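Hello,

Here is the structure I promised to pass on. Please open it first, then read my notes below.

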Amino acid sequence: MSEPTAPDAAAVPAAPPAATPAPPPAPDPAVVALREEVARILGDTATPDSAAGVPAWRVDATGVPDAARRLRAAGFDYLLFLTAVDRPAEAKFEMTYLITRFDDGRQLALVADLPREAAEIDTVSGIWAGANWHERETFDMFGIVFRGHPYLRRILLDGDWPGHPLRKDYVDTLHDVVKRPY
Amino acid sequence: MELKPIPNPTPTDTPTAPVYEDYFVNMGPQHPSTHGVLRLVLKLEGETVLGLTPVLGYVHRGIEKMGEAMTVLQFTHLTDRLDYLSAHMNNWGWSLAVEQALGIEVPARAEHIRVIMSELARISSHQLWWGCLGMDLGAFTPFLYGFRDRERVNDIFEKTCGARLTVNYIRPGGVTADVEEDFAKDVRAFIDYFTPVIDEYETLVGGNIIFQERTKGVGVLGADLARSLGCTGPTLRASGVCYDVRRNRPYGIYPKLDFLVPIATEGDSWARYKVRIAEMRESLLIIRQALDTMPDGPVRAKLPVIVKVPAGRWLGRVEAARGEIGFFLVGDGTDKPWRVKVRSPNFSNLAALPEIIKGCRVADVVAVLSTLDVVVPCIDR
């Protein structure tokens with residue numbers, strides 16, 4: 001966006017005020033403290049992610065088990081869930097780990113990019129036992145392979161189900177809905 | 001903190017038995033004690049359970065995929081269909097995620113109504129659980145008592161929400177409509193009626209020696225395993241971990257309310273029973289406080305005509321009747337979510353079952369499953 005113009009530029013149509021995004025609210029002290037704490041735990045292996053909402057850090061896909069181990073050792077003992085977000089435009093999956101802890105419930109997201117073709121990542125089921133089923137579900141829905149997983153099979157769908165439904169390019173041939181113009 | 005090694009969960013497979021004495025029994029998918037369409041493959045040696053594999057997905061409806069095809073307001077009603085006994089809390093969790101994304105302030109009256117409705121839903125859920133627990137262990141009477149009392153809660157829901165089960169009442173920005181005029185009177189009458197009935201419940205089931213024999217020391221879930229698996233709700237609190245989203249990550253008006261979080265330390269089925277009974281009492285106290293302080297005013301904040309989810313990741317976490325339910329919303333600036341993920345408490349709680357059931361008897365499977373209190377549509381989504 002350009003610099004604000006001088007008031008005499010009346011010929012220029014003024015930008016609609018609704019298009020200007022609201023200024024970001026003052027940073028929450030709890031979030032600032034969390035950012036400092038996580039920076040201490042993960043060091044420079046993780047970079048803070050700028051997306052709004054849950055405070056997030058990006059790590060290399062190969063660095064996920066190490067980051068998970070460090071977080072767990074630092075008291076983040078509660079893996080809320082893990083899942084993937086399909087980004088076909090960027091040809092990647094965002095593996096997202098929602099990690100929190102049982103005492104104060106502070107939450108953070110650990111995000112790692114995987115290439116859409118041949119998406120593979122090491123398992124974290126040895127760090128949080130609960131990751132076992134969540135990784136099976138992510139495999140089921142996205143086809144992401146978790147290396148070292150003890151029992152990587154489909155969990156919600158049938159073993160012979162074609163494709164992985166939560167991928168954006170998944171075509172449901174079974175319940176093919178006719179698109180009508182109205 | 002020293003890291004303790006986590007016992008590696010080795011699922012029992014369903015292949016050929018190594019020796020002919022082992023045999024496999026399918027419990028479900030149509031079985032009265034699984035409370036839904038859940039299949040458990042038991043590996044037995046005589047009467048002893050050597051291992052157990054839950055087979056999920058019989059009621060998988062693809063709710064997360066459906067969420068990507070509809071607006072955030074349209075998705076609210078689908079959250080009822082997850083854990084239908086915690087419908088209000090599910091609505092609330094989704095609303096929290098949307099409200100965070102849009103930066104909406106909820107009116108005070110709506111916050112009070114949300115608390116009252118959610119705690120009523122928690123009570124009604126525990127009433128149903130209590131009745132079914134008795135039924136699973138061979139006592140028919142608790143089932144009738146539980147459903148008799150649950151009817152009163154459902155009547156309150158029906159009067160205000162128009163529905164008894166899939167209520168779709170709490171919505172982003174507040175609640176659908178103000179409560180009907182008899183609401184406070186009805187709720188107070190229910191509290192007065194139900195407070196002594198809990199004692200009756202305890203005498204009828206908890207005081208029964210057969211019930212105690214069948215639950216004490218059965219299906220012991222250790223605190224470390226429960227934390228590592230991400231178990232929540234009464235299942236976790238019965239293992240001695242004091243974690244309640246209402247207390248540890250408060251939302252709504254819970255910080256202003258005075259209530260206790262019941263815990264037990266044994267981790268067995270009996271402890272889970274005691275925690276749920278105590279939770280019903282606390283919920284009654286919460287409802288009374290919320291009713292006493294309920295202000296007048298609007299019940300719904302103004303929402304934009306077209307709700308567009310800004311880019312980012314949003315997470316709504318609430319304490320449902322069975323534990324922490326989380327709604328993860330990934331927005332991309334359009335009116336439809338890019339990704340919706342439901343973190344189901346039942347999914348994580350059920351993951352404990354194969355671990356804690358080893359060495360129990362076949363009849364104990366029913367007791368443990370019943371005190372874990374899983375609702376299958378929430379697991380399968």
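Strand β7 (residues 323-331) of chain B is joined to β8(B) by five bridges, and the two run antiparallel. Across this pair, Val330(B) stands opposite Arg339(B) in β8(B). A word on terms: helices (H or I, at least four residues) and strands (E, at least two) are DSSP runs, numbered from the N terminus. Two strands pair if DSSP finds at least two bridges between them.

Before going on, note that this is a predicted model: local features need pLDDT of at least 70, side-chain atom pairs count only at pLDDT 80 or more, and totals for chains, interfaces and linings use all residues. Residues are numbered from 1 along each chain as its sequence is written, while chains are lettered from A and ligands numbered from 1 in the order in which they are written.

β2(A) and β6(B) run parallel, joined by two bridges. Here Gly53(A) stands opposite Arg313(B). β6(B) and β7(B) pair in the antiparallel sense over nine bridges. They form a hairpin with two residues between them. Ala320(B) stands opposite Gly323(B) in this pair.

Is β6(B) enclosed or open? Eight of its nine residues are buried, so β6(B) is largely enclosed by the rest of the structure. A residue is buried if 20 or more other C-beta atoms lie within 10 Å of its own, exposed if 12 or fewer, and partly exposed in between; C-beta atoms are placed from the backbone.

**A helix in chain A**

Which residues of helix α2 (residues 64-73) of chain A are buried? They are Val64(A), Ala67(A), Ala68(A), Leu71(A) and Arg72(A). These cover an arc of only 135 degrees around the axis, which puts them on the same side of α2(A). The arc is that of the directions from the helix axis to the C-beta atoms. Just after α2(A), Gly75(A) takes a positive phi of about 110 degrees.

**One residue in chain B**

Val41(B) lies in strand β2 (residues 39-45) of chain B. Val41(B) is partly exposed, with 18 other C-beta atoms within 10 Å. Val41(B) and Asn26(B) are 15 residues apart in sequence and 4.8 Å apart in space, C-alpha to C-alpha.

Best wishes
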